[in-house]
Amino acid sequence: MSFHNKVIYQIYPKSFLDTTGTGIGDLRGVSQKLPYLADLGVDMVWLNPFYPSPQKDSGYDISDYKGIDPRFGTWADFDEMVSKGKSHGIEFMLDMVLNHVSIEHEWFQKALAGDKYYQDYFIIRDEPTDWQSKFGGNAWAPFGNTGKYYLHLYDVSQADLNWRNENVQRELIDVVNFWRNKGISGFRFDVINVIGKDEELKNNSQNEGKPEYTDKPIVHDYLQMLNAASFGKDGENSVTVGEMSSTTIENSVLYTQPERHELSMVFNFHHLKVDYEEGQKWTKVPFDFEKLKNLFHEWGEKMSEADGWNALFWNNHDQPRALNRFVDVENYRVKGATMLAASIHLSRGTPFIYMGEEIGMVDPDFASIEDYVDVEATNAYERLLQSGKTKAEAFDIVKAKARDNSRTPMQWDDSAQAGFTSGVPWLKLGSHRAINVRAEKNGEIFNFYKKLIRLRKTEKIISEGTYHAALIDSPEIYAFERSYGEQRLLVLNNFTDKAVSLELPSDYANGQVLISNYKDFDGTKLQAYQTVAILR
């Protein structure tokens, strides 16, 4: 498939580059840095929402699907960005938040005013279920003074849409087509596997506590309908990815098998929950490497066997920086960053790079809860205090897991505001004095990423090969094998800060080292956080 050899770069526009001095990044900032992205070698840029929004959930609470929030720029800025992107060989992917809208959206406002037509756009009930919001608390809120309740699986300001209503379906298809007509060929569908609510809603307690709204079979019907009526008309020029909440391999295969005409690929988050205690995010424990390896192998092999397709990533706007989670970042930031990169860029799927990852950005060293602005983090802090944690304990957990960790402004240079703005940044800066594009562009991490991207474009075994767990007898090494025709590629990744001995399979003894983050590899050991790929 045409997207198999592509690499996608994610930009959180609010934090990328501010050209106006407001302290908030904008579309002109994206345009200005397209030569930088072209040098890196990426094919597509995914932009988080820049639509009009009250910003209760960082733009995922959309009040107008077909507009541009003035804080991010104008239509002229958007058109220039798309045009300039094409001149650099870069297409754009936009976030489609089709599960919910802001309660300030005109549809909800009309519903609230008593319009029955628009009330059916939402999920409104006389009696709420026991569902909990993903952001904590009850998933139902009073619908005005009607005595009824509306569903919000996320923030109270985000009302879930009723996909069972054909008028809603038509509206949302129209949204996707609107942006297609603006020159957009990529779409990332936010929490798309929770859109399939049943007509009769049941308590989760009736389903052994499992969410009664995740991966319902009707979601596949909706996606096939959306595909046929919008992006599917663009054939291989279209690239789509579904963000899948708590999904399964079986469903992800169905979402992505080409003959089913649903999506190009899926995000799953299981591998980013291996540092959760008993499945709970707001905890702080070391990551479980054995669990991480097993998840990578299980998803890699089963998706490969069934011709499904994964989106591969370590970082995004909803996750703390991977370097802080999986690497001794104080002593091995550079080697750890390159090892993590190779472990997914050489795997089967489409790699995503989150802004700043390519220069080894790390979590900020914030001093207090007041430094965090994200609603999820502040809510979690209060819940942790209520559960009996001290302020220090609660803050320590938030500091490790907050989404704002990855949302700090992009670090372009070591000047006072990191080259991000001439004003006051909307969120405090991270470690820009030591880590920034100016310092890192000629360094090891950025150039290692460039090499990985080039390899995906030149080596079919990387872009098209199958995936198999490799039998390497070492608990510290994540090893997998790719195969394409007669070719084989063995990828070895040491996830520890110590040298690890290994016994290289005999058929790789005379293989070619395709890439490594160390100069030396003698076939008998891996250095701390070493990655090596051997082609035979």
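Colleague: Why is Asp 126 called partly exposed?

Modeller: Buried means under 20% relative accessible area, exposed over 50%, and partly exposed in between (1.4 Å probe, protein chains only). Asp 126 has a relative accessibility of 48%, so Asp 126 counts as partly exposed. This is a predicted model, in which local features need pLDDT of at least 70, side-chain atom pairs count only at pLDDT 80 or more, and totals for chains, interfaces and linings use all residues. Residues are numbered from 1 along each chain as its sequence is written, and side-chain values use heavy atoms, with hydrogens and water left out.

Colleague: What makes the contact between Lys 148 and Asp 126 a salt bridge?

Modeller: A salt bridge is a side-chain nitrogen of Lys or Arg within 4 Å of a carboxyl oxygen of Asp or Glu. For Lys 148 and Asp 126 the N to O distance is 2.6 Å, so the pair meets the definition. Lys 148 is itself partly exposed, at 35% relative accessible area.

Colleague: Why is Lys 498 called exposed?

Modeller: The relative accessibility of Lys 498 is 55%, and exposed means over 50%, so the word applies. Its salt-bridge partner is Asp 497, which at 30% counts as partly exposed.

Colleague: How do you know that Lys 525 forms a salt bridge with Asp 522?

Modeller: The closest N and O atoms of Lys 525 and Asp 522 are 3.8 Å apart; the limit is 4 Å, therefore the pair qualifies.

Colleague: How many salt bridges does the structure hold?

Modeller: The structure holds 36. Salt bridges also link Asp 57, Lys 281, Asp 318, Asp 374, Glu 376, Arg 403 and Arg 407 in a network.
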